[in-house]
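Please look over the structure below with these notes beside you.

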There are 2 protein chains.
Amino acid sequence: MAQPLPQIPGVRLSAVPAKIKNWQRDDVLLIEIAEGASVSATFTKNAFCAAPVLVAKEHIRRGNIRALLINAGNANAATGERGLQNAQQCCEGLAAVLGIDAAQVLPFSTGVIGEHLPVQKILDALPAAASGLRADGWEMASRAIMTTDTRPKTASRTVEIAGATISVVGIAKGAGMIQPNMATMLAYVATDAAIPQPMLDQLVKDAVGQSFNRISIDGDTSTNDACVLIASGATGEVIADTHSDAYAHLKAAIVEVHIELAQAIVRDGEGATKFVTVQVNNAASSEEALRVAFEIGESPLVKTAMYASDPNWGRLIMAIGNAGVDNLDTGKVNVFLDDVQIVDAGGRAEGYTEEQGKKVFQQSDFTITVDLQRGDVSEHIWTCDFSHDYVTINAEYRT
Amino acid sequence: MAQPLPQIPGVRLSAVPAKIKNWQRDDVLLIEIAEGASVSATFTKNAFCAAPVLVAKEHIRRGNIRALLINAGNANAATGERGLQNAQQCCEGLAAVLGIDAAQVLPFSTGVIGEHLPVQKILDALPAAASGLRADGWEMASRAIMTTDTRPKTASRTVEIAGATISVVGIAKGAGMIQPNMATMLAYVATDAAIPQPMLDQLVKDAVGQSFNRISIDGDTSTNDACVLIASGATGEVIADTHSDAYAHLKAAIVEVHIELAQAIVRDGEGATKFVTVQVNNAASSEEALRVAFEIGESPLVKTAMYASDPNWGRLIMAIGNAGVDNLDTGKVNVFLDDVQIVDAGGRAEGYTEEQGKKVFQQSDFTITVDLQRGDVSEHIWTCDFSHDYVTINAEYRT
């Protein structure tokens, strides 16, 4: 187990059981943010984005956010006008308890789509949640937001900046429906540095681009996803210059926390037994590199081959060939499994043996590298295999 | 069982066992086409298209095709220069046996990618293949091209045109890796009508657009696929006017044969237990209608829900929301499972019960209809569910 998570002065958390589903567990999480913090977020690009996403987008536009209210068990998605009212009512309920404005609350929901939120249960749980707020609640918080996750996901870093210790802590939930552009994924990351709003907005965009937008479990993108970055400013350390070393160090720590959480989501993908990095080198553009990487990382045929520890390179080149790369010279394509070359100039590599490939694919963690020899751009994504358990989990999710 | 397949004067077939893999079955198919026939084809769009595809494209460009040579068990894909030579050598071998030119032979291969074709085995089998040619060989032919298919696929129609009976017969193979733009799918359709080359070229494009480009099993597209349409002209009935009733009747028959074969491929998708039509109505364009249909038809989460007979409409709207339809007004979207309305104006339909949806999803054959209320364009595709057996089949294919 990792070290205990640092605390972030200016951020307190509390998780309580509200019985949103018929279960015995914390399912409502409250995150309280001190006055004066900056808060930034990115949201799902699914056109059917959920009611809480619509409300949160509107509230964050107004700024001065003081609390996050998250529930598991019900997504409040595809719930129409009533869904919006329900999300709003939860914000109002929490605002009354905390003595803030309803627009200072960001609501989040994850769980089953298309059922109305049990608002009263959430409202009833709020006083206990508010009275239980504590700075060391991150671990507990990471458990309260789980759905089909098999384990909680946390990450942290500390950096020394101008003599002060700055911390970054994050929690996330993932599992199925994970794909770029924010999938059924929630992530909350906080630091005690003070970061001006426009800088924080850019930071969350950059960090998500390097992390959650580079993972794929099943190619589906959910209706509810969000990633929130909080800069409480409680240390008084103001990071105001993007060209400073201080900014570079802090940004690296924030990006690392995002990447660690994103990778933890892939490792805990529904039914996943393998963690696979797909690296594409020497592409003509970032866009085509990512297209090739995702075509491999999302191909059910490639993913079942990973599951079977079968280095089926025919499926790999099939996926590369399907990525829609303009005028791809297949005779230049090289493919490596870790450091074993399997494809040389578009054909089977001389001296490659099935045993070499199998040895790599049998590992729980390996890298597929594709060299396109078209340019000098490299990109990578992280994905997992496709197992019997994926089918079992998703065929039985609601029962 | 259907009626015996009609014969197509001018087309003879023969299947023989060449032991391309270690199995006891016909794996080489020869289709001989009489002098004067028109032959047209469409091929995979995968950038890593196989050696025989490259050779066949070059040969068909020259015209006057007299024979098709198809093998199962080895795809001759990603085999580089030697793969091209092997495909060419097979054409030359057959040309010598039949007394035609090598450029009059179209080669086709299906099976494992990245292994060199056992050319000698194929060459050795050709004399027996040639001497066994017969007009009633369609059924036998349909078995020789199978790979992971569990049953052969045939279809036929007859139409009366100007007092003559014109026949259309087709065979196909499919199973995994099926997706629009020609997947690991081979289809051979023949008619005894005489159709001028340019008209036939358009006909195969139209027929494939209405059939094989509307099916999806796992969203992957293979390196080898091809669909060939032969007009032997042996009845002497020349169809030369696309505005004639004769053309309309013949085209309808040809399209129907293509659709029946395409549907048979979906019904026999790897591990498939359900056949599902996804119908999208009132879209603004054909392109966006198909995008929504394929997003539903290819979503692993939707497909596992189909397998589980779970009318998980949250996953349906998730897929619709992911289709990238510009400015989609989700408040206008309606969804039906057969004639049961499940989504009304973007939310759960009033009066809809889980039991109603489950009753539809429990059927082996049903339709999901999405009404976007944005325009007047309708499109449909056919897909199948995603089962435990899909994973099993694809995790064990090469062992």
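Notes on side-chain contacts

1. In chain A, the charged end of R267(A) sits over the ring of F275(A), 3.8 Å from the ring centre. To count, NZ of Lys or CZ of Arg must be within 6 Å of the ring centre and within 35 degrees of the ring normal. In chain B, R267(B) lies over the face of F275(B), also at 3.8 Å from the ring centre.

2. A word on the basis of these values. This is a predicted model, in which local features need pLDDT of at least 70 and side-chain atom pairs count only at pLDDT 80 or more, while totals for chains, interfaces and linings use all residues. Residues are numbered from 1 along each chain as its sequence is written, chains are lettered from A and ligands numbered from 1 in the order in which they are written, and side-chain values use heavy atoms, with hydrogens and water left out.

3. How many aromatic pairs are there over all chains? The search finds 5. Rings of Phe, Tyr and Trp (its six-membered ring) pair if their centres lie within 6.5 Å; planes under 30 degrees apart count as stacked, over 60 as edge-to-face and the rest as tilted. The F108(A) and Y188(A) rings have centres 5.2 Å apart and planes at 80 degrees, so this pair is edge-to-face. F108(A) is in strand β5 (residues 105-112) of chain A and Y188(A) in strand β8 (residues 186-191) of chain A, so the pair ties together parts that are 80 residues apart in sequence. Helices (H or I, at least four residues) and strands (E, at least two) are DSSP runs, numbered from the N terminus.

4. Are F108(A) and Y188(A) buried or exposed? Both are buried. Buried means under 20% relative accessible area, exposed over 50%, and partly exposed in between (1.4 Å probe, protein chains only). Another aromatic pair, F361(A) with F366(A), is stacked, at 4.7 Å centre to centre with 25 degrees between the planes. F361(A) is buried at 2% relative accessibility, and F366(A) is buried at 1%.

5. The count of salt bridges over all chains is 32. Such a bridge is a side-chain nitrogen of Lys or Arg within 4 Å of a carboxyl oxygen of Asp or Glu. One of them joins R374(A) and E288(A) at 2.7 Å, N to O. R374(A) lies in the loop between β15 (365-371) and β16 (377-384) of chain A and E288(A) in helix α7 (residues 286-298) of chain A, so the bridge ties together parts that are 86 residues apart in sequence. R374(A) is partly exposed at 28%, whereas E288(A) is buried at 6%.

6. R66(A) and E35(A) form a salt bridge at 3.4 Å, N to O. R66(A) is buried at 17% relative accessibility, but E35(A) is exposed at 57%. In chain B, E35(B) and R66(B) form a salt bridge at 3.4 Å, N to O. There E35(B) is exposed at 56% and R66(B) buried at 16%. A network of salt bridges links D149(A), R151(A), K153(A) and D268(A).

7. The largest nonpolar core has 74 residues, and those with the most contacts inside it include F108(A), Y188(A) and I296(B). A nonpolar core is a set of buried Ala, Val, Leu, Ile, Met, Phe, Trp, Tyr and Cys residues joined through side-chain atoms within 4.5 Å. A second, separate core of 73 residues includes V280(A), L337(A), I33(B) and A144(B).
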